[in-house]
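Please load the model in your viewer and keep the selection panel at hand. The tour goes from a single side chain to the ligand and then to a helix.

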Amino acid sequence: MAPLDATAVAQPNIALVKYWGKRDTALNLPATGSISITLDGLRTRTRVRFSPDLGADSLTLNGAAAPEKLPRITAVLDLLRARAGMTLFAEVRSTNDFPTGAGLASSASAFAALVVAADAALGLGLSPERLSEFARRGSGSAARSVFGGFVEMSRGERPDGSDAVAAPLLAPAEWPLTVVVAVTSDAAKATSSGAGMELSRRTSPLYAAWTASSAAALAEARAAIERRDFAALADISEHSSTTMHAVMLSSRPALIYWNGATVECLHLIRYMRETSGVATFSTVDAGPQVKAVCLPENAARVADALRQVPGVLDVRTTGLGPGARLIDPLIDTGGAA
Ligand code: PMV
């Protein structure tokens with residue numbers, strides 16, 4: 001008997017080699033692979049409860065009804081319901097302890113937690129690879145948050161997307177980097193990553209060069225991770241991030257996810273590395289927040305410096321964390337879900 005009720009926790013991940021563009025929008029298949037690190041400190045907690053008493057799916061996000069986000073949730077639940085051969089509706093209650101939809105990858109942790117909780121509630125017992133595939137249907141980056149530490153997402157070749165899944169490269173303890181997140185805005189972003197990617201694919205003159213450069217970037221990052229070579233990882237990761245933003249900026253109309261404080265933080269991180277030998281590099285996603293990836297011994301210094309930048313609202317420091325997992329809500333009472 002399926003328990004029909006389960007709670008899972010997942011953390012966002014930050015891509016070091018980015019993906020920006022899809023090869024199939026219906027199946028949500030990425031145009032390129034990507035490499036990420038799963039964070040520890042920022043948590044999404046999601047409870048999924050299927051019941052014959054419900055007349056429709058519902059979503060509560062951070063304590064408030066969020067009907068505008070429900071269609072994507074229902075689409076992923078429909079895939080899992082079809083797999084389980086059942087049609088019950090579900091109540092989904094999710095809480096984030098960090099800003100939602102502002103470039104902190106809340107959709108990654110959201111869909112990873114959703115599939116892990118729904119899989120358990122329905123008693124499916126899917127493999128991590130299949131959980132990653134279902135998470136990808138909600139959000140491309142969510143496929144990576146199923147796993148902890150360093151993770152590589154494959155572009156996949158099959159038309160059905162069954163090989164467009166993530167896989168772990170290194171566990172968090174095998175190279176325990178620290179990430180300092182400088183929050184420069186808590187507003188939700190104006191253009192979703194899905195819409196932004198399609199705009200870039202259709203209009204950016206740099207898009208073809210960007211996707212063509214991905215395989216070499218992935219190989220370079222993979223090798224740097226294997227050697228635990230921070231300087232090499234810094235070089236390829238900053239290049240991947242700034243090149244992605246060049247694609248965004250060269251879209252028509254331009255996608256400008258940065259604000260003034262974002263740019264100041266990028267200068268500061270580079271200045272600290274180049275003039276003071278601090279082991280840190282920056283990466284920015286589809287939002288204005290800056291993530292400084294650091295060797296742990298440098299993180300406090302980077303956090304102190306970022307806190308001084310005008311326009312930085314909050315600075316959070318986190319290590320690398322595990323993948324999405326079930327929790328017992330009676331034992332783990334953090335969060336409100
Ligand atoms: O798949 P989405 O919608 O979560 O988009 C992720 C896009 C970036 O964060 C900008 C890059 C990436 O690889 O995570």
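Contact here means heavy atoms within 4.5 Å. With that in mind, select arginine 130, which touches Arg83, Ser162 and Val165 when residues up to four places away in sequence are not counted. Arginine 130 sits in helix α3 (residues 128-138), helices being DSSP runs of H or I with at least four residues and strands runs of E with at least two, numbered from the N terminus. Its relative accessibility is 18%, so arginine 130 counts as buried (under 20% relative accessible area, with exposed over 50% and partly exposed in between, for a 1.4 Å probe and protein chains only).

The model is predicted, with local features requiring pLDDT of at least 70 and side-chain atom pairs pLDDT 80 or more, while totals for chains, interfaces and linings use all residues. Residues are numbered from 1 along each chain as its sequence is written, and side-chain values use heavy atoms, without hydrogens and water.

Next, select the ligand, which lies between domain 1 (5-174 + 322-327) and domain 2 (178-319) because both give residues to the shell around it; the domain bounds come from an automatic or database domain assignment. Look for its polar contacts (pairs of N or O atoms within 3.5 Å): a polar side-chain atom of serine 193 lies 2.6 Å from a ligand oxygen, and a polar backbone atom of glycine 140 is 3.0 Å from an oxygen atom of the ligand.

Finally, select helix α5 (residues 193-203), where Gly196, Met197, Glu198, Leu199 and Ser200 are buried. The buried residues of α5 pack against β3 (22-24), α6 (207-212) and α8 (230-249).

Terms used:
A polar contact is a pair of N or O atoms within 3.5 Å; within protein, one must be able to donate a hydrogen and the other to accept it, and residues adjacent in sequence count only if both atoms are side-chain atoms.
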